[in-house]
Amino acid sequence: MSLLHRITFSSAAIFAFTIPAFAGVTVNNPSNSTTVSSSFTLSAYATSCSSENVVSMGYSFDSSPNSTIVNAQSIDTTVSSSSGTHILHVKAWAKGVVCVKDVEISVSDLASADSTTVSIPSDASTVTDLQVLSAWQYSHDSGGPGTSSGYSDLVISPSLYGTTRRFVTNFTNNGDERYSTTFGDDANAENFFYDGWVYLTSSSNMLANIEFDINQVMANGQTVLSGIQCDGWSGAWAYTANKGSASSPKPQWVTANGTSCNPQKWSQNKWHHVQFNLSRDDSGNVTYGSVWLDGVKSGLNATVYGGANLGWGKIINTQFQVDGYGSSGHTTAYLDHLKISMW
């Protein structure tokens, strides 16, 4: 960020004018006493400090005398830190005084690995933290077996970045629950990169599949249905294809030969990094590139038809589906720092 630069102050200069945190600094992210990755989002603002207008903000870690300064009344940037427990000092300056809000964070290096080779252009549109959107909906997938019901809400623990969406599902006879939200209306984007974090509890032994979808209405009014899933039935990654036509769609899952994935084998009570890339053409053909789980790449390398006349308005949505395993059960899963890039 062009407004970002580093200024060094003596510790005496910093703390001589420090006043309590309630004087005006508000930190939206990260929350106090949460775990974040080694690269996390800092979001904070302050309009006044000691009854004076704020002219700049900044932050530092622990006892460091160095502060990174932003010449504005807000901060919204990516911050990096070494692993371990740290005190993040978020500061606001106004006419010689500084207000400080201290946030205790635990920095984990689990999010540092990213071996993807997808090049996202600088002019791509990226929508971040989709999990915090308020418009998430949930319903039983009537195309699958059994029954299901569920709900989702926002929680602060477990969390990588401060706010996590929780998905709680009850099912019978391998029932599937679909959770979805709309996040855009770009009808012209042809390339997509999905990047999110998933946390599974001990209930993962009741999961058959976890599904990740991106659905886009193109300029011609057709909806391109695209998605991948970690398929516990086949023990492999799978991608969706329309085996019918646009007017009579028959979406089906196609197993990606040579890949391996089963949500029951994912480590429990741990964050897992899920990424994949795909593209489409104006006829609704979808090309699946690769999927990465915790940095391990699996090639999909397939082009299939995905167009469907669904009568939707101009939208792009994403779906997170939880498929049950067994005669009945109850599962809990979490989704954090979900971002999708489009170009």
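Is Gln-321 buried or exposed? Gln-321 is buried, with a relative accessible area of 2%. Here buried means under 20% relative accessible area, exposed means over 50%, and partly exposed lies in between (1.4 Å probe, protein chains only).

## The model

This is a predicted model, in which local features need pLDDT of at least 70 and side-chain atom pairs count only at pLDDT 80 or more, while totals for chains, interfaces and linings use all residues. Residues are numbered from 1 along each chain as its sequence is written, and side-chain values use heavy atoms, with hydrogens and water left out.

The pLDDT is the predictor's confidence in each residue, from 0 to 100. The chain averages 89. A score of at least 70 is reached by 91% of the residues. Over residues 1–22 the pLDDT is below 50. Even there, the model has 41 contacts beyond near neighbours in sequence. A contact means heavy atoms within 4.5 Å.

## Overall build

The C-alpha atoms fill a box of roughly 70 × 40 × 35 Å, taken along the principal axes. Of the 343 residues, 50% count as buried. Take the contacts with a separation of 6 or more: residues 24 or more positions apart account for 70% of them.

In soluble globular proteins, nonpolar side chains tend to be buried together. A nonpolar core is a set of buried Ala, Val, Leu, Ile, Met, Phe, Trp, Tyr and Cys residues joined through side-chain atoms within 4.5 Å. The largest core here has 43 residues. Phe-212, Ile-228, Trp-266, Phe-320 and Ile-340 touch the most other members. Strand β28 (residues 328–342) gives this core its largest share, five residues. Another core lies apart from it, with 31 residues, among them Leu-42, Ala-46, Val-54 and Trp-271.

What does Trp-266 contact, leaving aside its neighbours within four places in sequence? The partners are Val-198, Leu-200, Ile-210, Phe-212, Cys-230, Cys-261, His-272, Val-274 and Leu-293.

## Two disulfides

A disulfide is a pair of cysteine sulfur atoms within 2.5 Å. The count comes to two. Numbered in sequence order, the bonded cysteines pair as 1-2, 3-4.

Cys-49 and Cys-99 form a disulfide, with sulfur atoms 2.0 Å apart. The torsion about their S-S bond is about 100°, so this disulfide is right-handed. Cys-49 is in strand β6 (residues 48–49) and Cys-99 in strand β12 (residues 97–108), so the bond links distant parts of the chain, 50 residues apart. Both cysteines, Cys-49 and Cys-99, are buried.

Cys-230 and Cys-261 form a disulfide too, with sulfur atoms 2.1 Å apart. Here the torsion is about -105°, so the disulfide is left-handed. The pair links distant parts of the chain, 31 residues apart. Cys-230 sits in strand β20 (residues 223–231), and Cys-261 in the loop between β22 (251–255) and β23 (270–280). Cys-230 and Cys-261 are both buried.

## Around Gln-321

Gln-321 belongs to strand β27 (residues 316–324). Not counting residues up to four places away in sequence, Gln-321 touches Asp-141, Asp-176, Glu-177, Arg-178, Asn-209, Ile-210 and Glu-211. A polar contact of 3.0 Å joins the side chains of Gln-321 and Asp-323. Such a contact is a pair of N or O atoms within 3.5 Å; within protein, one must be able to donate a hydrogen and the other to accept it, and residues adjacent in sequence count only if both atoms are side-chain atoms.

The side chain of Asp-141 also makes a polar contact with the side chain of Gln-321 (3.1 Å). Asp-141 lies in the loop between β14 (137–140) and β15 (147–155). Asp-141 is buried, with a relative accessible area of 14%.

## An exposed loop residue

Ser-33 lies in the loop between β3 (26–29) and β4 (34–37). Ser-33 is exposed, with a relative accessible area of 56%. The side chains of Ser-33 and Asn-32 make a polar contact (3.4 Å).

Notes
Helix = DSSP H or I, 4+ residues; strand = E, 2+ residues; numbered from the N terminus.
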